[in-house]
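Dear colleague,

Please read the notes with the model open beside them.

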Amino acid sequence: MKKSILFAVLSVAAVLSSCGPKPLVPAEKGGFETQTYRNVFVEAGYSPKEVEAKLNEVFEEVFFGPNKVYFEVEDSLAYVSDIKNQDVRTEGMSYGMMVAVQMDRQDMFDKMFRWCKKYMQHQDGPMEGYFAWSCKIDGTRNSQGPASDGELYYVTALLFASNRWGNDGAFNYKAEAQHILNCAFEKDGSQGVKNFINTEHKLITFTPDNWGYTYTDPSYHIPAFYEVWARWADDGRADFWNECAAASREYLHKAIHPETGLNPDQSNYDGTIRAMFGGRHFGSGNFRYDSWRVPMNIAMDYSWSCADKEWQREYGEKIQNFFYSQGIDTFVDQYCVDGTLPEENEILPAGGWTRVLRHSVGLVSTVA
């Protein structure tokens with residue numbers, strides 16, 4: 001199971017919203033235009049001090065509490081662990097860096113990125129610039145290949161770090177982000193390694209290799225990230241990144257079920273469910289672990305850009321209504337995209353659980 005540490009941070013939404021907030025007015029402009037993050041909890045009637053205290057409480061619990069996911073190594077390195085699977089993944093590391101930069105914790109950011117560069121990033125060869133997607137906690141690689149969403153988050157987190165802290169410290173953050181992007185565009189597939197963006201469709205790949213280049217994962221689509229790159233990467237590809245943002249939003253319209261708001265785990269670039277051997281999808285066409293991130297990502301795009309606000313508002317109502325209809329305390333973690341339950345042999349195991357549907361805190365958090 002691919003697991004986001006942001007799930008835990010976002011659970012603050014579920015906690016605060018249980019207090020009976022005031023009605024909110026939908027946003028008409030995103031943070032890119034207003035230059036501020038909208039604080040909907042304050043608008044709902046909570047004091048800024050209360051909101052800040054809750055956010056800090058969750059942050060401290062996730063990163064430093066008894067059940068933490070963040071571990072420092074010696075004085076200069078740190079990693080985020082997928083506790084259930086007992087490894088370190090590019091998702092967790094790049095998400096951890098994103099949390100660190102937004103919490104203004106440069107010390108944590110640099111320690112995590114230093115671990116990534118030492119153990120995960122390929123410094124030469126066909127995969128230069130990319131990150132091995134899974135390592136043991138001692139840094140030994142479980143896999144050499146990258147997962148494209150890791151690179152997506154690394155670039156954005158590094159650009160945020162560049163804008164927040166400058167580039168004269170331990171790392172030149174902007175140069176590091178540019179290096180990842182430039183390396184990606186040098187991959188031509190001749191050695192089995194490709195760009196993590198499918199340049200024909202202008203959509204992110206599942207993995208940047210000859211197989212993963214042919215399809216995508218809806219949970220990897222965060223159009224606002226490309227707008228960040230267009231504004232601040234300074235890599236000479238601003239027009240291309242804006243085209244990627246538009247293509248990603250159009251893709252999400254196609255990939256998401258028009259009635260339930262659910263999306264498949266994997267899909268073709270036209271949004272259709274990806275069939276594999278024998279014409280079946282073996283559960284990859286169902287809403288399951290990776291899929292949980294899509295509500296979070298669409299909400300993020302709405303908050304930052306607001307470029308697709310009418311559709312995104314409709315989507316928000318649709319998916320909230322679906323899960324509410326399933327029972328607010330009982331909806332499960334895997335569905336077929338039409339809202340029916342998957343066959344037993346299509347239920348994806350995780351963390352020792354097999355063939356079991358659960359009411360998972362991860363999905364509760366992203367729906368919140």
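A disulfide is counted here as a pair of cysteine sulfur atoms within 2.5 Å, and by this rule the count comes to zero disulfides. Cysteine 135, for instance, is in no disulfide, since the nearest cysteine sulfur, that of cysteine 116, is 8.7 Å away. The model is a predicted one, in which local features need pLDDT of at least 70 and side-chain atom pairs count only at pLDDT 80 or more, while totals for chains, interfaces and linings use all residues. Residues are numbered from 1 along each chain as its sequence is written, and side-chain values use heavy atoms, with hydrogens and water left out.

For cysteine 244, the closest cysteine sulfur belongs to cysteine 183 and lies 18 Å from its own, which is too far for a bond. As for accessibility (buried means under 20% relative accessible area, exposed over 50%, and partly exposed in between, with a 1.4 Å probe and protein chains only), cysteine 135 counts as buried at 0%, and cysteine 244 is buried with a value of 0%.

Two residues other than glycine have a positive phi. Glutamate 74, with a phi of about 55 degrees, sits in the loop between β1 (70-73) and β2 (77-82), where helices (H or I, at least four residues) and strands (E, at least two) are DSSP runs numbered from the N terminus; glutamate 74 is exposed, at 68% relative accessibility. Aspartate 234, whose phi is near 50 degrees, lies in the loop between α9 (223-232) and α10 (238-255) and is exposed, with a relative accessible area of 53%.
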